Amino acid sequence: MRFTEPPVGLLTIPKRFAEAKFDEKTSDALKSIGELYVDNFTTYYSEGRGPAFLGAPGVGKTYAAAAIALQLHKMGVPCYWSDVVADMTKLLEWKDFNHRTEYYKLKGNIVNTPFVVLDDFTYLTTYQRTKELFFEILNARYSAALPTLITGNFAQDDSGPWTAISNNFGGAVSRRIKVMSKGLVFRD
């Protein structure tokens, strides 16, 4: 797919990250992955791969994700920013209360936009319905080979983020994220 014109409307980055770029606020490791990703986006896009930024709160994962999304958006790549907790809450609410139009529009944005940031997915409640919906979205993007940047907070411990993801969201989610982000993982 060739992107030429900056798209209108889809990129809804939180205001505090509206000017994000790779600068002194970005750790060298995140900057390295981010610049590599943006510079080689065509290849990563064709492979359906996107970074996974997993680590302690406050290390700059979301800021780096915003810098990547802003640069891709300027290159003409349609991007969608998903605050995962807010979006999953809306989707579950709308599905339960028969708000089909809103449900399918939001789910469509998350599933079908060429580049999506799923921000702070680890704050999702681990209710079965929430886990199933998150996996459904992740799996749809995986099946369509659409790159997805995923951020999540994890405490520093011996088990590491993959074990925590498996324990909280199931092995299927952990495996999907590993495959979708192969070679592009930041672990603090």
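These are legends for close-up views of one predicted model.

**View 1. The largest nonpolar core.** Here we're looking into a core of 31 residues, and the members that touch the most others are Ile-13, Tyr-37, Phe-53, Ile-68, Leu-72 and Phe-115. Helix 3 (61-74) is among the elements that supply at least two residues each, along with helix 1 (28-39), helix 2 (41-47), strand 2 (79-83) and strand 3 (115-119). The biggest share comes from helix 3, which puts in nine residues. Zoom in on Ile-13 and, setting aside neighbours within four places in sequence, you'll find it in contact with Ala-18, Ala-66, Ala-69, Leu-70 and Trp-81.

**View 2. Helix 6 against helix 8.** Helix 6 (residues 128-143) packs on helix 8 (residues 171-180) at about 30 degrees, and the axes sit 10 Å apart. Angles under 35 degrees count as roughly parallel, so that's the label for helix 6 and helix 8. Their crossing is left-handed. On the helix 6 side, the contact uses Phe-134, Phe-135, Leu-138, Asn-139, Arg-141 and Tyr-142. Helix 8 answers with Ala-172, Val-173, Arg-176, Ile-177, Val-179 and Met-180. Sorted by class, the contact between helix 6 and helix 8 comes to nine nonpolar, one polar and two charged residues.

**View 3. Helix 7 against helix 8.** This pair packs at an angle of about 140 degrees, with 6 Å between the axes of helix 7 and helix 8. The cut-off for roughly antiparallel is over 145 degrees, so helix 7 and helix 8 go down as oblique to each other. Helix 7 brings Trp-162, Ile-165, Ser-166 and Phe-169 to the contact, while helix 8 brings Gly-171, Val-173, Ser-174, Ile-177 and Lys-178. In class terms, the contact of helix 7 with helix 8 has five nonpolar, three polar and one charged residues.

View 4. Ser-174 has its place in helix 8. Its relative accessibility is 3%, so Ser-174 counts as buried.

**View 5. Gly-160 and Arg-187.** Gly-160 belongs to helix 7 (residues 160-169). With a relative accessible area of 12%, Gly-160 is buried. Follow the chain and Gly-160 is 27 residues from Arg-187, yet their C-alpha atoms are 8.5 Å apart in space.

**View 6. Around Trp-94.** Trp-94 is part of helix 4 (residues 84-96). Leave out neighbours within four places in sequence, and Trp-94 is in contact with His-99, Glu-102, Tyr-103 and Leu-106. Tyr-104 is ten residues from Trp-94 in sequence, with a C-alpha to C-alpha spacing of 9.3 Å.

**View 7. Two positive phi values.** Asp-120 sits in the loop between strand 3 and helix 6. Its phi is near 60 degrees, a positive value in a residue other than glycine. Ala-145 is in the loop between helix 6 and strand 4 (148-153). Ala-145 isn't a glycine either, and its phi is positive at about 55 degrees. Its relative accessible area is 33%, so Ala-145 counts as partly exposed.

Note on methods. Residues are numbered from 1 along each chain as its sequence is written. This is a predicted model: local features need pLDDT of at least 70, side-chain atom pairs count only at pLDDT 80 or more; totals for chains, interfaces and linings use all residues. Side-chain values use heavy atoms; hydrogens and water are left out. Axes are lines fitted to C-alpha atoms, for helices over the stretch in contact, and angles run from 0 to 180 degrees between N-to-C directions. Helices (H or I, at least four residues) and strands (E, at least two) are DSSP runs, numbered from the N terminus. Angles under 35 degrees count as roughly parallel, over 145 as roughly antiparallel, 65 to 115 as roughly perpendicular and the rest as oblique. A crossing is left-handed if the near helix is turned anticlockwise from the far one by less than a right angle, and right-handed if clockwise. Contact means heavy atoms within 4.5 Å. Ala, Val, Leu, Ile, Met, Phe, Trp, Tyr, Cys and Pro count as nonpolar, Asp, Glu, Lys and Arg as charged, and the others, Gly among them, as polar. Buried means under 20% relative accessible area, exposed over 50%, partly exposed in between (1.4 Å probe, protein chains only). A nonpolar core is a set of buried Ala, Val, Leu, Ile, Met, Phe, Trp, Tyr and Cys residues joined through side-chain atoms within 4.5 Å.
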